[in-house]
Amino acid sequence: MRILFIGDIIGQPGRRMVARHLKALVADQSAELVLANAENAAGGFGITPSVGEELFSLGIDLLTSGNHVWDKKEAEGYLAKEARVLRPANYPEEAPGTGVHILAKNGRMVGVVNIQGRAFLPAIDCPFKAADREVAQLRQVTDMILVDFHAEATAEKQAFGWYLDGRVSAVIGTHTHVQTADERILPGRTAYITDVGMTGPRDSVIGIRPEDAIQRFITQMPRKFTISDGPAHLCAVVVDLADDGRARSIMRLQVCDD
Ligand SMILES: [Fe+2]
Ligand SMILES: [Fe+2]
C-alpha cells in the first residue's frame with residue numbers, strides 16, 4: 001500500500017498546487033491513497049465545506065487538521081457531519097467531529113489518526129495517552145495505521161514517534177510548515193518524519209507575507225496576516241507499507257511551481 005501524504009495546504013496558492021500536480025504525482029508514485037492536512041486550506045486559517053469539497057474533488061481521500069481547524073465558524077458543522085475531515089483526537093470530547101477514520105482502498109483497510117502535541121500549543125488532553133487509546137481500537141480492525149502528529153516541538157514529535165514505533169505504520173509530523181530531512185524507518189518498522197512541510201507560497205514565512213511577519217516581530221503588535229503570492233511548492237511524503245502494515249520506505253517530495 002503506497003500512501004501519499006501532503007503537508008498543510010495553505011489557502012488558494014496551496015489548493016492550486018494540488019490541482020496542478022496531484023494527478024501526475026499519484027501516477028508517478030503509484031499512490032493508492034492520498035491524505036492531506038487542511039488546517040490552513042481556507043484563506044490560510046481553517047477549513048470550510050466548500051474548500052473541503054474542492055480538495056476531495058481533486059482526488060484527496062481524507063483531510064487531517066490541527067490547531068487552526070476551528071478558525072472558520074463553518075468548520076464546526078462541517079466536521080460534525082463529514083467523517084473524512086479529522087480534528088485532533090485529543091481535543092475535548094465536546095468538540096465536534098472525530099480524530100480517527102478508517103479508509104477502505106484496494107481491498108485493504110487503512111486507519112488514520114490525527115493527534116496534536118501540547119508543547120507551545122493549547123493544553124489539550126495528553127497526546128500519548130490519546131494515541132494509546134485510538135491505536136488500540138484501530139488495531140482491532142487493521143494493522144495499517146497512519147498518524148498525523150500535529151505539533152510544534154521537535155523533541156515532542158520525536159518522542160511521540162518512538163512511543164508509537166512498532167504499533168503504527170507511520171508517524172507523520174505536521175504544523176511547522178518546514179520539511180525536515182529526518183525521514184526514516186524506526187526499528188519497529190514505523191515510518192517517521194518530524195515535519196512533512198507545507199503546500200503553498202514559497203517566498204513566505206511559513207505561508208504568510210514576509211513583511212507581515214517581520215512587522216509583527218519588530219513591533220510585537222498584532223497584525224493581519226496575508227498569504228504570500230508568487231511561486232508555490234508542494235511538500236509531501238510517500239510511505240510504502242507491506243501487507244502486515246509495517247513500513248518499507250518513506251520518501252520526501254517537494255514539487256516547485258517554477
Ligand atoms: Fe499548518
Ligand atoms: Fe498548526
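Visitor: Hi! What share of the 258 residues in the protein is buried?
Guide: Buried residues make up 48% of them. A residue is called buried if 20 or more other C-beta atoms lie within 10 Å of its own, exposed if 12 or fewer, and partly exposed in between, with C-beta atoms placed from the backbone. Please keep in mind that this is a predicted model, where local features need pLDDT of at least 70 and side-chain atom pairs count only at pLDDT 80 or more, while totals for chains, interfaces and linings use all residues. Residues are numbered from 1 along each chain as its sequence is written, and chains are lettered from A and ligands numbered from 1 in the order in which they are written.

Visitor: Got it. How many helices and strands does the protein have?
Guide: There are six helices and 12 strands. Both are DSSP runs numbered from the N terminus: helices are H or I with at least four residues, strands are E with at least two.

Visitor: Which strands form the open sheet, and in what order?
Guide: Six strands do, in the order S4-S5-S6-S7-S9-S8, with mixed pairing. Two strands pair if DSSP finds at least two bridges between them. At the edges are S4 (100–105) and S8 (184–185), each pairing on one side only.

Visitor: And how do S5 and S6 pair?
Guide: S5 (residues 108–116) and S6 (residues 145–150) run in the parallel sense over six bridges. Val112, for instance, stands opposite Leu146 in S6.

Visitor: Which helices pack on the sheet?
Guide: Helix H4 (residues 127–139) touches S4, S5 and S6, and its direction makes about 165 degrees with that of S5. Helix H5 (residues 154–164) also packs on the sheet, touching S6, S7 (170–174) and S9 (191–193). Those angles run from 0 to 180 degrees between N-to-C directions, using axes fitted to C-alpha atoms, for helices over the stretch in contact.

Visitor: Let's stay with H5. Which of its residues are buried?
Guide: Glu156, Lys157, Phe160, Gly161 and Leu164 are. Seen down the axis of H5, they fall within an arc of 135 degrees, so they line one face of the helix. That arc is taken from the directions from the helix axis to the C-beta atoms.

Visitor: What does Gly166 touch? I'm curious about Gly188 too: where is that one?
Guide: Gly188 is in the loop between S8 and S9. Leaving aside neighbours within four places in sequence, Gly188 is in contact with Asp165 and Gly166. Contact means that the C-beta atoms, placed from the backbone, lie within 7 Å. Gly188 has 13 C-beta neighbours inside 10 Å, so it counts as partly exposed.

Visitor: New topic: how many residues are in the largest nonpolar core?
Guide: It has 70 residues, and Val147 is one of those with the most contacts inside it. Such a core is a set of buried Ala, Val, Leu, Ile, Met, Phe, Trp, Tyr and Cys residues joined through C-beta atoms within 7 Å. Strand S11 (residues 232–241) gives the most to this core, with eight residues.

Visitor: Last one: is H6 buried or in the open?
Guide: Of the 10 residues of H6 (residues 210–219), the number buried is zero, so this helix lies largely in the open.

Notes
Contact = placed C-beta atoms within 7 Å.
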